[in-house]
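Please keep the sequence and the structure in view while reading.

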Amino acid sequence: MAVRDRNTLTQSWITQSPAQVAVPAEPPSPPSLLRNAVAVSAAMAEVLGQIQLFAPAETVVFEGATGTGKSYLAEALHEASGRRGAFIDVSAGEFEPGLALDQLFGHVRGAFTGALSRHRGLFAEAEGGTLLIDEFHLLRRSQQAMLIRALERRVYRPIGYERDVPVTCAVLVGVEEGLDRLVARGRMRANLRSRLGHCVVRMPTLDERRDEIASLAHHFLRQCPVVTHAADGPSRFAPDALGVLELANYPANLRDLREVVKAGYLRARGREEIGVEHLPGWVPIPLRYDRRMDRATKLRLAEWAVRTSGGHVGKAAERIGASRNTVSALRAELRRGARGVVPSHKAPRGKAETKHAAAS
C-alpha cells in the first residue's frame, strides 16, 4: 500500500523556512484505510485505536514481525493525520553504505565531484507528509547516527548546503522486535532509541489474531480478481478449506495468508468455491484429531474447534473426533500457557514447506 509520489512535493528545501510549515486547514477526511482494516480481535482494535491516538505525533514506531501489516497501518496513520504531503515508504535495506546521507538529506549542485544537479533526499520528498523507514534495524550504527539530529532538533542539512532545513514530515520507524532488545543486542544506538519517543504500535502476529483469519481470507479473496487479473475465479471458500486456513501456520503472517488465498483462487478458476485441494501443498492440516499430531497442531485444532462450536467443549470434541477430556485438557493448556494464543507450529517441514519458508 506504499505511495511513492515523488513529483507532487510543494516546496524546495532550499527555500523552505520554519514559518512555511503548513498545517492542515481542514479536518481530514474519514480514514478509509482504517475503515478497510480487518479488526475483529481485541488486539487489532487496540492497534487501530493507537493509530488514531498517535496520528499527530512527529515520531511513531511500528513494532512487529514480518508481514504483520506495518506498512499498511503506517500509511493509515498518515491518512488519519491529515498531512497533505506525500507518504514515502522506504526500507532501510535500500540504503547504500556510502550514500545513505545523500539518500536521506540530498545535496546541492557542486557539493562533490559528479554532483551536476541538485538532489532532493527522502526528507525533502516527504515534506509536509510522512516518511516511513521500515526495517529500521537493518541500518548500520553509523547510518543511525545521521538521524539523531533530525529526530531531536527537527532539522537537517543537505550535503553542500550552508544552513539547516526544517524537518516538516512525520518520521515513522518499522522494526521487527522491541527497541530495547535491539539496543541490548547492539543493533540500535542507545542515544537514538531515546529520541524515538514512546509512541509505539505493536503489531500482533497472525497467531495472536486467529479469530480474524476467516475475515482476512475473505478480504484477500475479494481482492483476487484485481490483483490476479483473472475474473473467472471463485467467490467463496468451501467450509473445510476455510477451516484449514484457520489452522495453518503462517511464518510471514498476513503476507503468507494473502499468497495462499491468491494461489487457491488461481487453482480454482472456473469453479464456485476454493476447496482444500486448491490450497498449496504446505497448508492443509487435517480437521480431525490424531494422537500422532505434533503438540502445536493439537492445540490449534482444539482452539479452533471450541471457537467454531461457540465455546461448547462437547460439540468441539465431536467436530474433530476427539474425546471431551482431550479437548478440555488441550483448552486448559492453552489458557495456562499463552492466555488463548496458540503456539507456533513446530512440526518438521517437508520439501515444499522448506522451500516456502526460505522464500518468505
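**The parallel sheet and its surroundings**

Glu63 stands opposite Val175 in strand E8. The model is a predicted one, in which local features need pLDDT of at least 70 and side-chain atom pairs count only at pLDDT 80 or more, while totals for chains, interfaces and linings use all residues. Residues are numbered from 1 along each chain as its sequence is written, and side-chain values use heavy atoms, with hydrogens and water left out. Helices (H or I, at least four residues) and strands (E, at least two) are DSSP runs, numbered from the N terminus; two strands pair if DSSP finds at least two bridges between them.

E1 and E8 run parallel and are joined by five bridges. On these terms, five strands make up an open sheet with parallel pairing, in the order E2-E5-E8-E1-E9. Strand E2 (87–91) and strand E9 (200–202) are at the edges with a single partner strand each, so one side of each is left without a neighbour in the sheet. On average, neighbouring strands of this sheet are turned by 20° against each other, direction ignored; axes here are lines fitted to C-alpha atoms, for helices over the stretch in contact, and angles run from 0 to 180 degrees between N-to-C directions.

Strand E8 (residues 170–175) is mostly covered, with six of its six residues buried, where buried means under 20% relative accessible area, exposed over 50%, and partly exposed in between (1.4 Å probe, protein chains only). In a regular strand the side chains alternate between the two faces of the sheet. In E8, Ala170, Leu172 and Gly174 point one way, Val171, Val173 and Val175 the other way, and all are buried. Strand E5 (residues 130–134) pairs with E8 in the parallel sense over four bridges, and Thr130 has Ala170 as its bridge partner in E8.

Strand E1 (residues 59–63) is also joined to E9, in parallel, by three bridges, and Phe62 stands opposite Val201 in E9. Across E1 and E9 lies helix H2 (residues 42–54), running at about 160° to E9.

The structure also holds four aromatic pairs. Rings of Phe, Tyr and Trp (its six-membered ring) pair if their centres lie within 6.5 Å; planes under 30 degrees apart count as stacked, over 60 as edge-to-face and the rest as tilted. One of the pairs, Phe123 with Tyr156, is tilted, at 5.6 Å centre to centre and 40° between the planes. Phe123 belongs to helix H5 (residues 122–125) and Tyr156 to strand E6 (residues 155–156), 33 residues apart. Both Phe123 and Tyr156 are buried. Another pair, Tyr250 and Trp282, is edge-to-face, at 6.4 Å centre to centre and 85° between the planes.

In helix H13 (residues 313–320), the residues Val313, Gly314, Ala316, Ala317 and Ile320 are buried. Seen down the axis of H13, these buried residues fall within an arc of 160°, so they line one face of the helix; the arc is that of the directions from the helix axis to the C-beta atoms. The face of H13 turned away from the buried side carries the exposed residues Lys315 and Glu318. Ala317 has a relative accessible area of 4%. Leaving aside neighbours within four places in sequence, Ala317 is in contact (heavy atoms within 4.5 Å) with Ala322, Ser323, Arg324 and Val327. Just after H13, Gly321 takes a positive phi of about 75°.
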